[in-house]
Amino acid sequence: MKHYLTSYAFPRFLQWLVVIVVGVTVTFIIPRLLPINPVEETLQNVSATSFTDPRAVADFKKSIEELYGLQGTPEEQYVHFWERLFRGDLGPALSAFPTPVTTVIRNAMPWTAGLLGSTILISWLLGLILGTLAAYFPNRVWTHLLANSLVTIYPIPYFILGLLLVIVFAFYIPIFPLVGGAVGSPSLSLPYLVSILQHAFLPALSLVLLGTAFRFIMARALAGTAISSDYVTFAETAGLPKRTILFHYVMRNSLLPQVTDLALSLGAMFEGALITEVVFSYPGIGFQLYTAILQADYNLILGVTLFSIVGVATAALLIDLSYPLFDPRVRHS
Amino acid sequence: MQTFRAATKIVADMFRYSPAFRSGSTILVVLLILAALSVVSPYGPSDRQVVPMNLPPSPSYPFGTTALGQDVFWLTAFAIRNSLFVAGLAVVIGRSIGVLLGSFSGYTGGATDRILSSLADTFIVIPRLPLLMLIAFILKGTITLSGLAVLLGLLDWAWPSKRYRAQILSLREEEFTQTAIFAGMGSLKIIIREHLPFLIPFLLADAVSGFLYAIGMEVTLSVLGLSDLQTPTIGTMIYWSTYYQVLLTQKLWWLIAPVAAAVLLVVSLYHLSTSFSDYLDPRRRLKSLATSQGGAR
């Protein structure tokens, strides 16, 4: 246990801190490096539509600068940035003034978390099992069919797959609703829960398809290496039942790289969820980000970016810290 | 001359024995021809109102026309060319940084290696799409295709650099590396002269995956309106067609062309990359090098 804490958990935790610091710093620096000044943009937008008193414009400019955290020297701004983060204050959402950005994110978060959580779980398990089976029975018809279709789906960008699904199954053959997360007011009643499932089905399907395809390809490769190893050949010669070999020998040993890869591909799946939400107008964080872009809501975009970085880094950390559950070598040394 | 003949033989072999390579290369060649046709296009890429609007596909307009009075066929040709350009530039930039940092980090070892690897791990975890959207949003209206490519490339070096580092780490232990060091070869020369030939097959397969990522990101950003909307790319075609509500007005040809082009492009590229990496497995190559030159080991 001590070994786990000192040589594994602690360095991993440090890595998490590094990611957060680098991520926040990058998010801080980049808008300030770009040639476009959001304050001037906003001022121009406002004063272009009507004549305003120069004093009012000056006051407005000062309050916007405070809002965007652009007061003071860059060092002061940086410290102030971190202070606000610790306080959990990401500023008001300009498109829904004065609702704080944190409230908007908090409302959208459960939708994304539900969609992402369930699809990651399903696609990871499905891809792992199907990939291992495909590697173990390489010459069956269904293996070829499955592998070919998944390999064809894999490179397709999330947006295009989502678009195709929406066009076919929500527009032309209207089995599924076109937009939204659910119908009615939130409660634990059956109609509401059913409508959640109905609305989530297509977005989840597109995420599961792509996630499974990726996981399948990786699992097939890993299982292939495990299958050609000595201990599996010995187990087969010894006449062990196929199910034992598959589960306890092949799958168990190819599980490890899959877990670390899950932590690394979390970012990609998160991005996929964002894109899918835009296609299906699913009321999660991705959709909020999209509307924020449409409405030029700089605060919300910044807030969602920061939140994504912290969220994905933390989720990856948690997955990595659960590594010993899968790898006895880390547990027992 | 000998390498050219060897390369043609490899391509011929792959064509004969790998169905993935056959399908991938034929589809890609068709798309490349279409992209190359764009130089003889009778219309400029950003011209509007040059043909009658909203006509379905017909012999005179094989892919139909758009609501802005453009010919979808020539638009698609430009779109493929521009998307390939953006993806290509992004891959060149990203992989150059990745190869340099990864090789340097793997070869030098020690604290530099740890710091660079930690940095690479950091950039892998950070979700790039929100960051890209933030940057593209701030630059909205002023970003060019080259700018977009540079942006994509600058954020796509981390994962490749890890892989190159792993390759260099294993190559460093090879006997011929030790021989070169004892013979007094400088580190940079070793990396370039001795190790790079082994990295190249991996580089090619990895470049294709970089292409796929860049195409996907370009489509995503364009569809959200965050790139150069005046220039036709696959993404901007999808953007404009959905902007003009092709689903509701039943004028789908404007949408189908870029979507089909995108799907065909990515699938063919992927087939090429898998057949390539299957054929040019570094371990197989090391063994075949040893037997053909009879002296490396």
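These questions and answers walk through a predicted model with chains A and B.

Visitor: Which element of chain A has the highest mean pLDDT, and which the lowest?
Guide: Start with the whole chain. Chain A has a mean pLDDT of 83, and 94% of its residues reach 70 or more. Among its elements, helix α5 (residues 101-136) of chain A has the highest mean, 90. The lowest, 68, belongs to helix α14 (residues 328-331) of chain A.

Visitor: Is the crossing of α3(B) and α6(B) left-handed or right-handed?
Guide: Compare how one helix is turned from the other. For α3(B) and α6(B), the crossing is right-handed.

Visitor: How many charged residues does the contact of α3(B) with α6(B) have?
Guide: On the α3(B) side, the residues include F85(B), L89(B) and I93(B). On the α6(B) side, L145(B), L148(B) and L152(B) are among them. By class, the contact of α3(B) with α6(B) has 11 nonpolar residues and 4 polar ones; the charged count is no residues.

Visitor: Which element gives the largest share of the side of chain A that touches chain B?
Guide: The contact takes 40 residues from chain A and 33 residues from chain B. On the chain A side, the elements giving two or more residues are α1 (2-33), α7 (158-172), α10 (242-280), α11 (285-294) and α12 (298-321) of chain A. The largest share is 9 residues, and it comes from α12(A).

Visitor: How many residues on the side of chain A that touches chain B are charged?
Guide: Divide that side by class. It has 32 nonpolar residues and 7 polar ones. The charged count is 1.

Visitor: Is N54(B) exposed or partly exposed?
Guide: N54(B) sits in the loop between α2 (19-37) and α3 of chain B. Its phi is near 55°, positive in a residue other than glycine. Most residues other than glycine have a negative phi. Because N54(B) has 16 other C-beta atoms within 10 Å, it is partly exposed.

Visitor: Is Q245(B) buried or exposed?
Guide: Q245(B) lies in the loop between α10 (234-243) and α11 (253-279) of chain B. Q245(B) has a positive phi of about 55°, although it is not a glycine. Because Q245(B) has 11 other C-beta atoms within 10 Å, it is exposed.

Definitions and conventions. Residues are numbered from 1 along each chain as its sequence is written. Chains are lettered from A and ligands numbered from 1 in the order in which they are written. This is a predicted model: local features need pLDDT of at least 70, side-chain atom pairs count only at pLDDT 80 or more; totals for chains, interfaces and linings use all residues. pLDDT is the predictor's confidence in each residue, from 0 to 100. Helices (H or I, at least four residues) and strands (E, at least two) are DSSP runs, numbered from the N terminus. A crossing is left-handed if the near helix is turned anticlockwise from the far one by less than a right angle, and right-handed if clockwise. Two residues are in contact if their C-beta atoms, placed from the backbone, lie within 7 Å. Ala, Val, Leu, Ile, Met, Phe, Trp, Tyr, Cys and Pro count as nonpolar, Asp, Glu, Lys and Arg as charged, and the others, Gly among them, as polar. A residue is buried if 20 or more other C-beta atoms lie within 10 Å of its own, exposed if 12 or fewer, and partly exposed in between; C-beta atoms are placed from the backbone.
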